[in-house]
Amino acid sequence: MRFRNVVIFFFLVFLLIYPLNSHSSGLTPSGVGTKALGLGGAFRGLADDWSASYWNPAGLAFQTKSEVNFSFMVLNPRPKFTPDVTFFQVEKDRYEVGYRNDIKRYPEDKTFSLPSFSGFLKFPELNGFITGLAFFIPYRSSFEWDLFDPLPGYNNNIPYPGIDHKGDLTVLDFHPSVARQFMEGKLSLGAGISIQKGDLTLRKVDLVPSDFPYPYNYRAIENFPVDNNFEGDGWGVGANIGLLYKASPKFQIGVSVRSPMTLKLSGTRTLTVYLPNDSLTASQIEPIDPVAASHLRGYTLSSSFDSETKLKLPADLGVGVAIMPYSNLTVTVDVNLTTWSSLKELKFEEKGKDPLTGKEITEYTVPFEWKDATRFSLGLQYMPHKSLALRAGYFLDPTPTPDKTLTPLFFNSGEKNGYTLGVGYKGESFELGYSYEFSGYKEKFLKPTAGVKPESLTNLPGRYENSTHTSYFTFTYKF
Amino acid sequence: MKRKIVLPIFLVLLFYLIFSGCARRKNPLQMTVDQGGIFEISIDTAFTLINNVLGDPFGRTLLVYLPPGYQEGVSKNYKYPVLILLHGFKENGSSYDHYYRIKTIADQMISSGEIQPMMIVMPDGSGRFGGSFFTNSVYADSSIFAGKYEDYITRELMHKTLYNFGTGIPGVNVKVNEKESIYVNITHPQIVRDTVCYQDTTRHPPCATGDSILIRYQTITRYDTITVTWIDTVTTISDSVLFQQNFGISGHGNGGYGALRIATDYPLTFGSVSVMSAPLDFDSLLNLVPAFLHRNKIDSFPERYHQIDLNNLDSLSSLFFAMAVAFSPHNPSSTNYTTFFKLTPSGKGVDLPFDSLGNTVSSIWNKWLEADLKTRILNISSSDTSLKYLKIYIDCGDPGEFGFKNQALTFYNFLPAVIKNNTTLQIYSGYPGYPALENSFIYDRLREVLKFHSDHFTAP
């Protein structure tokens, strides 16, 4: 009894502390639910808690009671990026354009919490029918970097922004679900609807060739750096369905499908051109091209306009099994395919004006060209006592991001190996859970490609290193 | 009892797992760059340029970069090494400051320790058609035509500025921006003209063990007129080497030609020379003659040869006329006007080395070949080892506008082994949309040049 009180006290302290530190950053979470993450995400074949609404809604049908749940995830991403953004025709001749090359950079470090909650009502008399609502955050990624400053000698009067690269994506999922048993409790089917709200900030540097006539387009003013910043939000709807079949008390299998989803984001895109300052060159260009000469005064030109884009989130198809060789031991295995190939690009449709040329802008594209990725997960649960569960897991998650679009905005730099530990305590009317995950990313050194122009750069070459630490807490009350 | 142990362990582990990796990391601070300074010096009358027949200005300004730590008016404990940086075609002494950000680059590289502190002197050698090639443009009797730019560099400029800023003599007052005065000392008011072994003056150092060396100084004794005196001085080898190794000369384009010519004319004054995108093989220039004729529509209408508008020349035509001014002033006593172009009302002018049909005129062309660096180096006697210690750096863009890349390759391949061993050749490329033209990457090449010279300067 005393032990339980201490654990509850400890838990409540964290509930109070963590929201104070709450920020919006982190990697895309590995999933939701203490139990599921403690098993390395191998949960589709077990799916026996509230997080089944995310992994496999059919599992909800085997809940024995109604319940409410509150959880939160604490993320600590630890990325490092050492830029090598150089341009050349021949390998030995590399020229810089302003990136802080060969210096290990860190984003703005933050510790983040992602809350989730759910409530489900159980109707045992209706063949285990259960319905309810869950809220969770399936996608969360935020990195703010200081990677760029105009070349020495550019002499811009107005300092280039400190945070010059930012990728910030939050997707909130309001997820009503239903599930029911069939075949005398051997089979269950479940379905859910995803009502998702997305927020996206995308900020990066675009390099535009300067308009100074030769030979006045000398280094370091051959390119204008443009601060390109989009901020927008929007909604989308999708669904997931699942099946769970209990072949025997020692074996069960689950299959789930999550539909692709398109978030229609509306917002504002702002372009700010930082101009160089060179009054002598300006005076020489003035008779030839007065407009170009005006671009040598060191100020900024800015334009802001409405912009819309569609963020196409992937479908997910997964199958998992749970094997219980002993009453206190469970082994779970999952394989799932995420169709990231749906994220080909972000195409912004807009009506604005180029701040430099005054020409009309109708669209702008940021290429992604991500690839489908298949994840493998393995989990193990041991119960030394009927109230206590110890869990461990592993997963292997390849990156969907190809080299040609790899940037630190969304830090999917390399194959991810995840190792998890978890613990759960079950009381008469409540459950507590905790899990910890360490994800190590395979180090990636992306070399610059010969022949790429600064204005057509789609990736940021350099050395990518990353790891994440994730803690997940859950409190469930059953009634 | 069991719980009393398990619970603290559990909590400690939990805290560690939650907070592991939470520490806030800081990005490296921006490097603090110590600031040097660029000083503009006005030379009201350059006596090596006065009376030039083209009427080019004989008053010139030059810029001097003084490194961080340089203290005005203080006798220095050591001399800063000096790099003379000659500008490119259609540029002037301020180009390295305005276009290529020499101060920013040097400040940064000195602060980061990539190069040692040095003074950089940037004289003005601009001429009527875009460049003087920093050579003495004279008639056959050595009387002045467009200006004695090589003498201007090696006599007037070095004397008036380098030594003044470097060490100096009390009482010499150099005006800086006409506001500040720098009082300095001169301990070496001479220019080394030649250095030979004391026991055998036909040989150059290194000499036999125990031998001394004989330094032949060229001394300027007055500032308002040029009086040259030859002095033989005996000194130690180490002094000589220190003196030489702390002087470098560099240039781009027409300044690159001038730098290499001056360094090879004064091999024991300069320890290192660098050449950026310069004409190094005049034979290759003949390949550009058809383009010259075409751009001036002479290939279709040969009679237009003498009707070229000298006030509206394209860059290639300017290059040919600037070279003609430097290398082939028209002999006033000559009555052959086949390739003559009048430049002054009094009838003075230059000869091009080819006629309206593009045929080479050998009498003129030979004058150019006399100035051709490849020819000059090939003509150096094999017994003359004076260039043995000169470190040479040559680079060129690929593609270069005027075929300088092939000229650099040809020049390099023709070098005698003893010189080639001390020569570094770099051919560099740009990137798509920004090709390595004549001056498109000088901003970047300057870093290489400064590193090259710094590596060969004697560390203080």
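User: How many residues of chain B are in contact with chain A, and how many of chain A with chain B?
Analyst: In this predicted model, 31 residues of chain B contact 35 residues of chain A.

User: Which elements of chain B give two or more residues to that side?
Analyst: Helix H1 (2–19), helix H3 (102–111), strand E17 (423–429) and helix H13 (442–456) of chain B. The largest share, six residues, is from H1(B).

User: And by class, what is on the side of chain B that touches chain A?
Analyst: There are 15 nonpolar, eleven polar and five charged residues on that side of chain B.

User: Switching to domains. What does the assignment give for chain B?
Analyst: Domain 1 covers 37–188 + 239–281 + 374–456, and domain 2 covers 283–371. Their contact takes 25 residues from domain 1 of chain B and 21 residues from domain 2 of chain B.

User: Which elements give two or more residues on the domain 1 side?
Analyst: Strand E6 (144–148) and helix H11 (404–414) of chain B do. By class, the domain 1 side that touches domain 2 in chain B has eleven nonpolar, twelve polar and two charged residues.

User: Now strand E2 of chain B. Is it mostly covered or mostly open?
Analyst: Mostly covered: six of the seven residues in E2(B), residues 60–66, are buried.

User: Which strands does E2(B) pair with?
Analyst: Strand E1 (residues 37–43) of chain B runs antiparallel to E2(B), joined by seven bridges. Strand E4 (residues 119–122) of chain B also pairs with E2(B) in the antiparallel sense, over three bridges.

User: What are the bridge partners of B:Val64?
Analyst: B:Val64 is the bridge partner of B:Phe39, and in E4(B) its partner is B:Val121.

Methods: Residues are numbered from 1 along each chain as its sequence is written. Chains are lettered from A and ligands numbered from 1 in the order in which they are written. This is a predicted model: local features need pLDDT of at least 70, side-chain atom pairs count only at pLDDT 80 or more; totals for chains, interfaces and linings use all residues. A residue is buried if 20 or more other C-beta atoms lie within 10 Å of its own, exposed if 12 or fewer, and partly exposed in between; C-beta atoms are placed from the backbone. Helices (H or I, at least four residues) and strands (E, at least two) are DSSP runs, numbered from the N terminus. Two strands pair if DSSP finds at least two bridges between them. Two residues are in contact if their C-beta atoms, placed from the backbone, lie within 7 Å. Ala, Val, Leu, Ile, Met, Phe, Trp, Tyr, Cys and Pro count as nonpolar, Asp, Glu, Lys and Arg as charged, and the others, Gly among them, as polar. Domain bounds come from an automatic or database domain assignment.
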